[in-house]
Amino acid sequence: SVIAITDVLAGKFPVNEEITVHGWIRTRRDSKAGISFLAIHDGSCFDAIQAVVPNDLNNYQDEVLKLTTGASVKVTGQLVESQGQGQAFEIQATGVEVLGYVDDPDTYPMAAKRHSIEFLREQAHLRPRTNLGGAVTRVRNCLAQAIHRFMHNKGYFWISTPIITASDCEGAGEMFRVSTLDMENLPRTDKGEVDYNEDFFGKEAFLTVSGQLNVETYCSAMSKVYTFGPTFRAENSNTSRHLAEFWMCEPEIAFADLADAANLAEEMLKYVLKAVLEERADDMAFFQQRVDKTVVDRLNNVINNEFVRLDYTDAIEILLNCGKKFENPVSWGIDLNSEHERYLAEEHFNGPVVLQNYPKDIKAFYMRLNDDNKTVAAMDVLAPGIGEIIGGSQREERLDILDARLEEMDLDPEDYSWYRDLRRYGTVPHSGFGLGFERLVAYATGVQNIRDVIPFPRAPKTASF
Ligand code: ATP
Ligand code: MG
Ligand code: MG
Ligand code: MG
């Protein structure tokens, strides 16, 4: 089977023996002495392995000297300890087989030079070939694996929740409609207009904005569960932290209150960020050097310090008294904007903040009403540089109060009959949260815009589609 370059560089193969690697040329350099140095990478780690190619190879003139950045090769030779600085090992090539040239190196979009992150964003199909694209992809994978490992170690079951749903869980009206494309047989109203209420084989359907209500169903039977998958929101705005398609990890815990959810969120963030620092030190060194000079220190701080816990009401006091002019005026009852969230996390506390007990009027129907009748047991985890990275709450488990909330918010209890059943049959206190996965990747890497940490960004005005 094919050998991964990461394993070669990690010293997993005996020196002075023959080895074959496959990959793409990062750079080619020719010495006057008639030797070429190929830096070959295969995506398995940040670094490339150097192959030293002597000019007495029979295809040296005709083929090796035509290799340019991006060309694919199979290189065989002796694995030796490297004399120069850089990698510990290199290959003394005895054979270079060209698998594919870059047909026009002058116009190859990923030629070896620095590209702007905006340019790369428009080249989604070539972006993973760059240092940045590769590093983001490996860190993203590391974070996803660490999330599953963390949940597994804690005894949670992973549940897949549906993409096609009927209810707007967040009540924010940001849903994409799901339609059949049977143009001949589109459902029509009496007036002959297309009837979207019938569109999904006689029903109205949407792409999910959150798996929460579904995951609560399984929580009400299996105690500790989570979902981790894509969600969709019609965010027709151009912010650096909103996508139309993004991933969320949503744990749901039975017999648990808001503090339990906040503790789990804190523990999870620390665990996965630690995993990235340990397992992707190569990529993190790159981010530190090229993207954000403070990223590694920042993550170490997060791992080693307790998150602040703060009531919404106290946060409003801080914002009112901090002497800073905000674009969006502050008063009790407002939904915080990213400028407020970032002030709290960046300037006031300089670390993650768990903000709790928000006014009920700005939160979804399912959040548990506090005894003051004004606030709900909601929490957001705010991270410096990003703002909200997690949103969660204790859920309303009391049927009478849930019904009153539905009515207050003009929602039809009929639409939530299955959700109400969970309260009718053996209800339990429970809580959970949603972690925005792209915001986490952005936070872990220091990359500013979440469009650059998802392989194929879906947002208004992103061209690569
Ligand atoms: P925001 O206030 O930033 O719009 P939200 O409060 O609407 O976020 P929630 O419904 O609480 O978001 O969703 C849980 C988490 O999902 C958020 O904390 C955030 O990390 C992430 N998230 C929400 N909307 C988006 C989006 N459009 N793109 C990427 N991540 C998102
Ligand atoms: Mg939102
Ligand atoms: Mg929010
Ligand atoms: Mg939220």
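Is Asp-7 buried, exposed or partly exposed? Asp-7 is partly exposed, with a relative accessible area of 25%; here buried means under 20% relative accessible area, exposed over 50%, and partly exposed in between, with a 1.4 Å probe and protein chains only.

Hi everyone, a word on the ground rules. This is a predicted model, where local features need pLDDT of at least 70 and side-chain atom pairs count only at pLDDT 80 or more, while totals for chains, interfaces and linings use all residues. Residues are numbered from 1 along each chain as its sequence is written, chains are lettered from A and ligands numbered from 1 in the order in which they are written, and side-chain values use heavy atoms, leaving out hydrogens and water.

Now, back to Asp-7. Its salt-bridge partner is Lys-12, with the closest N and O atoms 3.2 Å apart. Lys-12 is exposed, at 58% relative accessible area. By salt bridge I mean a side-chain nitrogen of Lys or Arg within 4 Å of a carboxyl oxygen of Asp or Glu, and the count by this rule is 27.

Next, please find Arg-121, which forms a salt bridge with Asp-452 at 2.8 Å between the closest N and O atoms. Arg-121 sits in helix α2 (residues 117-121) and Asp-452 in the segment after α12 (437-445), so this pair ties together parts 331 residues apart in sequence. Helices are DSSP runs of H or I with at least four residues, strands are runs of E with at least two, and both are numbered from the N terminus. Arg-121 is buried at 12%, and Asp-452 is buried at 6%. Salt bridges with shared partners also join Arg-138, Arg-280, Asp-282 and Asp-283 into one network.

Let's move to the helices. The axes of α7 (residues 295-304) and α12 come within 8 Å and cross at roughly 115 degrees. Those axes are lines fitted to C-alpha atoms, for helices over the stretch in contact, with angles from 0 to 180 degrees between N-to-C directions. On the α7 side we have Val-295, Arg-298, Leu-299 and Val-302, meeting Tyr-443, Ala-444 and Thr-445 of α12; contact means heavy atoms within 4.5 Å. Arg-298 also forms a salt bridge with Asp-292, at 2.7 Å between the closest N and O atoms, and both residues are buried.

Last stop, the strands. Five of them form a closed barrel, in the order β1-β2-β3-β5-β4, with mixed pairing; two strands pair if DSSP finds at least two bridges between them. Strands β3 (residues 49-54) and β5 (residues 89-100) run parallel and are joined by three bridges. If you'd like one to look at, Ala-51 has Ile-91 in β5 as its bridge partner.
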